[in-house]
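Work through the exercises below with the sequence and coordinates open. Each task is followed by a solution in steps.

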Amino acid sequence: MNAPLRLLAALALLLASLTTALAQTPAAGKPAAEFTGAVADKAEYKVVYQLDSDDPKLIKQTLRNMKNALEDPRLKGKLQMELVAYGGGTDVYRKAQPYEAELKALQQQGVLLAQCLNTMKERKISKDELFPFVSYVPTGNGELIIRQAQGWAIVHP
């Protein structure tokens with residue numbers, strides 16, 4: 001392609017880009033459309049929160065994120081949720097930690113609370129050290145793998 005034709009093609013592309021940009025800009029005096037988030041158009045959503053840290057800030061953040069998702073008006077009544085704890089995350093389920101009320105509140109909203117048995121074996125943690133309302137899975141990673149294959153979203157705060 002010779003130089004004048006290349007210049008003409010470049011100008012045509014620039015003009016098309018400007019036209020598109022102007023069409024998306026609100027007219028003077030009219031507000032731009034507000035983005036209010038994705039539309040939850042499915043009947044059901046499934047999410048697993050992964051907790052593998054004993055950092056109290058991260059544990060609190062994870063529990064807060066879970067609560068926020070359950071309270072999201074777009075997801076009300078459509079959300080299945082599970083918390084899988086392993087490694088250091090096991091602290092969230094320890095009786096000696098201050099999370100019992102938050103965990104019970106989540107469980108009352110239908111959240112599955114799962115603890116990795118592999119972590120308990122490796123760290124010599126007894127079930128007596130954990131809250132009695134916790135469920136157990138053979139491995140945390142196995143649970144995450146299975147849930148992801150089943151279409152569950154995985155959140156790792």
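Helix α5 (residues 140–149) lies across β1, β2, β3 (112–116), β4 and β5, and its direction is at about 155° to β2. The model is a predicted one.

**Exercise 1.** Determine the strand order of the sheet and state which strands stand at its edges.

*Solution.* 
Step 1. The open sheet has five strands, in the order β4-β3-β2-β1-β5. Their pairing is parallel.
Step 2. The edge positions belong to β4 (135–137) and β5 (153–155). Each has a single partner strand, so one side of each has no neighbour in the sheet.
Step 3. On average, neighbouring strands of this sheet are turned by 30° against each other, direction ignored.

**Exercise 2.** Describe how β1 is joined to β2, and find the bridge partner of Tyr49 in β2.

*Solution.* 
Step 1. Strand β2 covers residues 79–85 and runs parallel to β1.
Step 2. Seven bridges join the two strands.
Step 3. Tyr49 has Leu83 as its bridge partner in β2.
Step 4. Helix α2 lies across both β1 and β2, at about 170° to β2.

**Exercise 3.** Classify the packing of α2 against α3 and list the residues that make the contact.

*Solution.* 
Step 1. Two packed helices are described by the angle between their axes and the distance between the axes.
Step 2. For α2 and helix α3 (residues 100–108), the angle is about 30° and the axes are 11 Å apart.
Step 3. Angles under 35 degrees count as roughly parallel, so α2 is roughly parallel to α3.
Step 4. The crossing of α2 past α3 is left-handed.
Step 5. From α2, the contact involves Leu63, Met66, Lys67 and Leu70; from α3, it involves Glu102, Leu103 and Leu106.

**Exercise 4.** Locate Ser53 and decide: is this residue buried or exposed?

*Solution.* 
Step 1. Ser53 sits in the loop between β1 (45–51) and α2 (56–71).
Step 2. The relative accessible area of Ser53 is 17%. Buried means under 20%, so Ser53 is buried.
Step 3. With neighbours within four places in sequence left aside, Ser53 is in contact with Leu58, Ile59, Gly88 and Gly89.
Step 4. The Ser53 side chain reaches the backbone nitrogen of Asp55 at 3.1 Å.
Step 5. Ser53 and Val92 are 39 residues apart along the chain, and their C-alpha atoms are separated by 9.1 Å.

How values were computed
Residues are numbered from 1 along each chain as its sequence is written. This is a predicted model: local features need pLDDT of at least 70, side-chain atom pairs count only at pLDDT 80 or more; totals for chains, interfaces and linings use all residues. Side-chain values use heavy atoms; hydrogens and water are left out. Helices (H or I, at least four residues) and strands (E, at least two) are DSSP runs, numbered from the N terminus. Buried means under 20% relative accessible area, exposed over 50%, partly exposed in between (1.4 Å probe, protein chains only). Contact means heavy atoms within 4.5 Å. A polar contact is a pair of N or O atoms within 3.5 Å; within protein, one must be able to donate a hydrogen and the other to accept it, and residues adjacent in sequence count only if both atoms are side-chain atoms. Two strands pair if DSSP finds at least two bridges between them. Axes are lines fitted to C-alpha atoms, for helices over the stretch in contact, and angles run from 0 to 180 degrees between N-to-C directions. Angles under 35 degrees count as roughly parallel, over 145 as roughly antiparallel, 65 to 115 as roughly perpendicular and the rest as oblique. A crossing is left-handed if the near helix is turned anticlockwise from the far one by less than a right angle, and right-handed if clockwise.
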